[in-house]
Amino acid sequence: MVAEEDSSLTNLQHKYSPTMPEVVEEMKKIWDISFPVAAMSLLNYLKNMTSVTCMGRLGSLELAGGALAVGFTNITGSSFINITNSTIGAGDDCVSISTGSLDVLVSGTHCGPGHGFSIGSLGKVKNEEEVRRIKFQNCTVNGADNGVRIKTWPTSPPSEASDITFEDILMINVSNPIIIDQEYCPSNSCNTTSASLVKLSNIEFKNIRGTYSSDFGVNLRCSSIVACENITLIDVNLNGTKTPKEKWEQEKFSTKGSLNGLAVYNSNFN
């Protein structure tokens, strides 16, 4: 009985054993399917490696016009990340920290040109993880469209960002040096039927100084439904580059929406 079973198994194996031409043909089919995927993965890896190595520059050539530097600096779903002593020029945010990021430190980093240092954008999709314990320290922003920014989408589902510190930041001719924007809509075609439900709390701007070219040195546009909580400005000194007449007419410090616990210490906005 055992001999008969072994004989049947052997016959079955011989019956389904592919020939060499069949193996080669099957491998060609697999190659045709897998090669484009492998090639794209390799290109994406090389792009990110170039970003990490060049930090927004390729020798003396700035990469601000391309997206090479953008991929490196978009941190999502990561913990205990340090970015230090870097020079980043980008066509978008120099550093963007998004959903699910915890315990991130950015220090000694120069941004410009670009869109500045950002938290977000947050609240674009449901069930986003919280952002917490983020610190930008001893950094410079030069000629960027924004300085330090927190941005959330309007009509966003609930999520949370808290314990965020921007400290020892030098601004050089920056637009919007300090901005919280809970009406973020870069395409100007967003659903604005409801306010953002992203909760922002325990945010500190400390020892931020320099020059700015926009209407507002500080612009806090919070949600009208979920208030910003515990926003603190300490030793913030910003000087506008507009003419004396324009400075007289501009607002310099703007707030909108709901704020619970706004404190300003030893600060000056000219």
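Okay, a quick word on terms before we start: when I say strand, I mean a DSSP run of type E with at least two residues, and strands are numbered from the N terminus. And keep in mind that this is a predicted model.

So, with that in hand, let's go to strand E9, which is where Ser 121 is found. What joins Gly 120 and Ser 121? A cis peptide bond, with omega at about 15°.

The peptide bond running from Gly 112 to Pro 113 is cis, and its omega is near 0°. Pro 113 sits in the loop between strand E8 (110-111) and strand E9 (117-122).

Next up, backbone angles, and a couple of asparagines. Asn 230 isn't a glycine, yet it has a positive phi of about 55°. You'll find Asn 230 in strand E16, residues 228-234. With a relative accessible area of 38%, Asn 230 is partly exposed.

Then there's Asn 266, again not a glycine, with a positive phi of about 50°. Where is Asn 266? In the loop between strand E19 (259-265) and strand E20 (268-269). Its relative accessible area is 61%, so Asn 266 is exposed.

Last thing, the surface. Which residues form a nonpolar patch there? Met 20, Val 23, Val 24 and Met 27, and together they have about 380 Å² of accessible area. Met 20 belongs to helix H2, which covers residues 20-54. Buried or exposed, that methionine? Met 20 counts as exposed, because its relative accessibility is 61%, and the cut-off for exposed is over 50%.

Notes. Residues numbered from 1 in each chain as written. Predicted model: local features only at pLDDT ≥ 70, side-chain atom pairs only at ≥ 80, totals over all residues. Heavy atoms only, no water. Patch = residues over 30% accessible without salt bridge, like charges linked within 9 Å, V, L, I, M, F, W, Y side chains within 5 Å. Areas by Shrake-Rupley, 256 points an atom, 1.4 Å probe, with all protein chains shown as cover. Salt bridge = Lys/Arg side-chain N within 4 Å of Asp/Glu carboxyl O. Helix = DSSP H or I, 4+ residues; strand = E, 2+ residues; numbered from the N terminus. Buried < 20%, exposed > 50% of the residue type's maximum accessible area, 1.4 Å probe, protein only.
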